[in-house]
Amino acid sequence: MNPERFDKLQFLTRRNFLKAGAQFCLGAIALRGLLEERAGAATKAANPLATRSPLYQPKVKRVIYLHMSGGPPNLDLFDYKPELVQWNDKLCPDEFIKGRRFAFTSGVPKLMGTPRQFAQYGKGGIWMSDAIPHLQGIADELCVIRSMNTDQFNHTPAELLLFTGSPRSGRPSMGSWVTYGLGTENENLPGFVVLISSGTQPSAGPAAWGSGFLPSVFQGVQCRSKGDPVLYVSDPPGMDRELRRDTLDALRDLNEVQEKEMGHPETLTRIAQYELAYRMQISVPEVMDISREPQSLLEAYGANPGEASLANNCLLARRLVEQGVRFVQLFDWGWDFHGTNEKEDIRDGLTKKCARMDKPVAALIKDLRSRGLLDETLIVWGGEFGRTPFREGRTAASKILGRDHYPDCFTVFLAGGGVKAGFSYGETDELGFGITKDKVHVHDLQATILHLLGFDHQKLTFRSQGRDFRLTDVHGQLVKDILA
């Protein structure tokens, strides 16, 4: 066929006639709308992480979730129980333990009042213990929820429920839902970044930041504050930047051919991930280099460049959200205060553990405030469950004081845009066994976080295996009373 004649014939198609010659008739207008919709869908598919608008105007643009893996002892940090102190070392009343299961306690344990010193701080009079002096200083920034509740009393299912909405593996994590719904503001960085401190992954492992049945481009990217920021992102020996570009171009062409033939969404994900990795080789080392920060700020966080610590990760979190990362998830291991060793003692052990958390978390909130970022950022701090008002069974005769897992009551705090500051919400009974006012389930917390980002948690869905799924499963209520 004559190439010139073929080019001319293309303009004689029915589609081009309607678009060009009859563009003002109803059929042409309808067709144009369909064509533009398909073109928009193709553009979105070509870049799964393209920025997308939420359902309504959001209160915040990004989230930093600080997870204290293991379950911090809420009764020794935020939920003061003077009545429990008076009952210290007395046998637990049968009404509180009859028919209940605990992780490591059987028989009749002894009640344990906190050995910590409590006082009220800030204009809202938030109760806080002497273990967290730096957080005391920013009490007027915090929204403390003392009435959290979960369904799980072991670490892995409790963390999965908290971050994926299900106690079983396979569901997308909260950060994945957020990047699926919003995309990313910076095409050179992942939309969802994970940082781990204290040398151990959380009990739920990578499932806590996995993408489940969502395309894998939405899963969290684990970065490191020591060594290469991202594993395997560096070029292998013998490959320079130009050769890497040529290689990726060839892979892209092959993947595009496969996508046209098979139409599999993971092929588009593969293209997007290769391209993101290429851009990350330049952008990630720069943003992860905290030595660029002034010495005074490093000292405020307690950060030391080159180390792997929660302090470094808090500073990195600020740098990441400053560059447009949507969801930053920090995991800090070592909050499982059973009392089986001195590190797990709620006296000196908790003091030392909090010293490595309290200062950098307070510094992060103050730093975001000073840069004008806090009003657009939501900070969430907490664990996967709480601790018992009685001594842990295995250590009942020990000089070391520890508490067992407890799902019925625990505490989280929020700070930043969209939530009331200097505010306490919810109450537990005088011994800390049950919630007496304003219970907040983990699904309610998830619904509220999505709301602050501009989503109705019931409408942010993804169809898989014949039905629509969402982060909150079939549960979740917006906690309106904590909204600013």
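This report walks through a predicted model of one protein chain, from its overall make-up to a few residues worth a look.

## Reading the model

Residues are numbered from 1 along each chain as its sequence is written. Because this is a predicted model, local features need pLDDT of at least 70 and side-chain atom pairs count only at pLDDT 80 or more, while totals for chains, interfaces and linings use all residues; side-chain values use heavy atoms, with hydrogens and water left out.

## The chain as a whole

The protein chain has 14 helices and 17 strands. Here helices (H or I, at least four residues) and strands (E, at least two) are DSSP runs, numbered from the N terminus. Of its 484 residues, 52% count as buried; buried means under 20% relative accessible area, exposed means over 50%, and partly exposed lies in between (1.4 Å probe, protein chains only).

The chain exposes about 22,200 Å², and carbon and sulfur atoms supply 51% of that area. Accessible areas come from the Shrake-Rupley method with a 1.4 Å probe, and for residues only the protein chains shown count as cover. Among contacts between residues at least 6 apart in sequence, 76% join residues at least 24 apart, where contact means heavy atoms within 4.5 Å.

## A helix wrapped by its surroundings

Helix 7 (residues 155-164) is largely enclosed by the rest of the structure, because eight of its 10 residues are buried. Those buried residues are His155, Ala158, Glu159, Leu160, Leu161, Leu162, Phe163 and Thr164. Their cover includes strand 1, helix 8 (174-182), strand 7 (327-333), strand 10 (403-406), strand 15 and helix 14 (442-452). Just after helix 7 comes glycine 165, with a positive phi of about 85°.

Aspartate 76 lies in the loop between strand 1 (62-69) and helix 4 (82-86). Is this aspartate buried or exposed? Aspartate 76 is buried, with a relative accessible area of 0%. Leaving out residues up to four places away in sequence, it touches Thr114, Pro115, Arg116, Phe118, Ser129, Ile346, Leu350 and Arg403. Isoleucine 346 is 270 residues from aspartate 76 along the chain, yet their C-alpha atoms are separated by 7.3 Å.

Phenylalanine 469 sits in strand 17 and is buried, with a relative accessible area of 8%. With residues up to four places away set aside, phenylalanine 469 touches Arg171, Trp177, Phe213, Leu460, Thr461, Phe462 and Ser464. Phenylalanine 469 and proline 172 are 297 residues apart in sequence and 9.6 Å apart in space, C-alpha to C-alpha.

## Positive phi values

Most residues other than glycine have a negative phi.

| Residue | Phi | Place |

Aspartate 438 is partly exposed, with a relative accessible area of 28%.

On a 1 Å grid over the protein atoms alone, a cavity is a set of points where a 1.4 Å probe fits but cannot get out, and a pocket is an open set with protein on both sides within 12 Å along at least five of seven lines; lining residues have an atom within 4 Å of a point. Grid points are joined across faces, edges and corners, and a volume is the space filled by probe spheres set on the points.

The second largest pocket holds about 310 Å³ of space. It is lined by 15 residues, and the closest to its centre are Asn341, Glu342, Lys343, Glu344 and Gly349. Helix 13 (residues 348-370) gives the most to this lining, with five residues. By class, the lining of the second largest pocket has three nonpolar, three polar and nine charged residues. Ala, Val, Leu, Ile, Met, Phe, Trp, Tyr, Cys and Pro count as nonpolar, Asp, Glu, Lys and Arg as charged, and the others, Gly among them, as polar.

A search of the whole structure finds one cavity of 30 Å³ or more. The largest cavity holds about 40 Å³ and is lined by Pro72, Asn74, Leu77, Phe78, Trp381, Phe385, Phe410 and Thr411. Six of these lining residues are nonpolar, two are polar and none is charged.
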